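Hi,

Here is the structure I promised to pass on. Have a look at it first, and then read my notes below.

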Amino acid sequence: MVVTDSSDSGTILRVRGPLEFKCQLDSTDALLMQKVISRTFAALHSQVKSESCVLTVCDSSLIIWPNKGVYVTPEEITPNTLCEDIHQWIQTDEQESAGKRSSKKKNKKSSSASVINLCLMMEVTKTGPLSAPILRRTLQKSHFLSTTLPMDCVVRTTCSDTIKDAFERLLEALTHQLCEMEKVTLQHMKGATLLVPEPLHFLLPEPKGLVTVVYPAGVPDSQLETHRKELHQQFELPDDWPYFRRVNAFHFSNEPYKDGYLRNPHMVLTHPTLDNGKVYLVQGIYSYHHYMQDHMDDNGWGCAYRSLQTICSWFTQQGYVERAVPTHREIQQTLVDVGDKQGSFVGSRQWIGSIEVQVVLNQLLEVTSKIMFVSQGSELASKGRELANHFLTEGTPIMIGGGVLAHTILGVAWSETTGQIRYLILDPHYTGAEDLQVITDKGWCGWKGPDFWDQTAYYNLCLPQRPKVI
């Protein structure tokens, strides 16, 4: 396990690459097999510490030999060069075609560190005279183990770190990860069958930062609860948030999500300023669900379905549930199954409201919800304390329905002294593409004042409650 500095400044160095694990088991004795496997890991340690170990910077001409006094090519880069200057050598797709180097400096306004990706490689050829190959044939019964260890290490650097300092720490992280992989391999070995160790990164609350944990691939989270409890105790984390489930693995900013949905569009917004006001926001990650997604034309009737999908995505991506976000049809079928709707409701274009959202969350996700009733929109301005407390303690998105419209509330800015309030709204009525700039510039995700609500209409708010699980 590796804990990196949680400071927002600097650069994350991430090195990935395969290490070939091969060993021959001549005995079925468990203790002897463990010794052979440990010797194989020791050989891999030697490889990583040898002069054959090479780290290449992705999309760049930079090659670094960390065990040769941190030798770097081209010679313009020296061991004393600052880490963040590596960005100047990384080419974007457009600049690569033009043959120009990128000035990929990190955004000073961004709170997230930039990432430099590196590839772990081993030199096969060596200088000097070559010896003739020797072939030897031996007949014996044995069990040959062969797998690939997916090395994946991260180190967060500061603005003052040199390449020499950072790559020495990166090498330490690689050797430490091999130790963790050996522990996991031996612990979960079944006979002569190995489970591949799987490194994952998790971002913990400040000041703990980025943590790397090695799990056995193929073993479900449900069977790793004891290990996760130990991790919670080690890092002094509460037992009501599943920090170390696989779905909570840290998502690096340079990796797109495969499903195409935008995550947390509110993160790029500037918070409103209120006299003695504080901002209370949704905790964790959600995906933005809105009209016309998933090849589904629900324009004019599906806003509450989309708000519900956003809420469901939050519970999935925090690791509380292991099911996909439900479709409109699944939502409708659920309401029929519990007796809330007639059979003809499935496949229809009928609206749903906050109560139906509560029912579906309970039935499909086993998530309970509180309902807040507001007789007219003008009363919402007085609900600052209740809403602030919800985001502080539960941290889940809120579905609000009133009249024919439904929205998702992601947070509030509220002043206890003046009563001023602003609402962070995610609008499911958006029909365009997944364009973050359009969505935020046009207010589809944005801060709204009390006049955003119909002052005379009634509203029901569904406030999902977090399950208390690890």
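What follows is a short tour of what I found, starting with how the model should be read.

This is a predicted model, in which local features need pLDDT of at least 70 and side-chain atom pairs count only at pLDDT 80 or more, while totals for chains, interfaces and linings use all residues. Residues are numbered from 1 along each chain as its sequence is written, and side-chain values use heavy atoms, with hydrogens and water left out.

On confidence: pLDDT is the predictor's own confidence in each residue, from 0 to 100. The protein chain averages 89, and 93% of the residues score at least 70. The stretch to treat with care is residues 93-111, where pLDDT stays under 50. The model has 27 contacts beyond four places in sequence for that stretch (contact means heavy atoms within 4.5 Å).

Now the sheet. Helices (H or I, at least four residues) and strands (E, at least two) are DSSP runs, numbered from the N terminus. Two strands pair if DSSP finds at least two bridges between them. An open sheet of 6 strands has the order β5-β4-β3-β6-β2-β7, with mixed pairing. On average, neighbouring strands are turned by 25° against each other, direction ignored. For all angles here, axes are lines fitted to C-alpha atoms, for helices over the stretch in contact, and angles run from 0 to 180 degrees between N-to-C directions.

Within this sheet, β2 runs parallel to β6, joined by 6 bridges, and antiparallel to β7, joined by 14 bridges. Arginine 14 shows both pairings: it stands opposite asparagine 117 in β6, and its bridge partner in β7 is valine 154. Strands β3 (residues 53-57) and β4 (residues 63-65) are antiparallel, with 2 bridges; here leucine 55 has isoleucine 64 of β4 as its partner.

Two helices go with the sheet. Helix α1 (residues 30-49) lies across β2 (11-25), β3, β6 (114-122) and β7, at about 140° to β2. Helix α3 (residues 163-187) touches β2, β3, β4, β5, β6 and β7, and its direction makes about 140° with that of β7.

Further along, UniProt lists residues 278-462 as "domain: UFSP1/2/DUB catalytic" in an unreviewed entry; positions are in the numbering used here, feature names are shortened, and annotations may be inferred rather than shown by experiment. Over residues 278-462 the chain is 29% helix and 22% strand, with the end C-alpha atoms 23 Å apart.

How do α5 and α7 pack? Helix α5 (residues 303-317) and helix α7 (residues 354-365) meet at about 35°, with axes 11 Å apart. The contact involves Ala304, Leu308, Ile311, Cys312 and Phe315 of α5, and Val357, Val360, Leu361 and Leu365 of α7.

Tyrosine 458 sits in the loop between β15 (445-448) and β16 (459-464). Leaving aside neighbours within four places in sequence, tyrosine 458 contacts Val374, Ser375, Gln376, Gly401, Gly402 and Gly403.

Finally, some backbone details for your checks. The peptide bond between threonine 73 and proline 74 is cis, with omega about 5°, and so is the one from glutamate 206 to proline 207, with omega near 5°. Proline 207 lies in the loop between β8 (197-204) and β9 (209-216). Asparagine 276, a residue other than glycine, has a positive phi near 55°.

Best wishes
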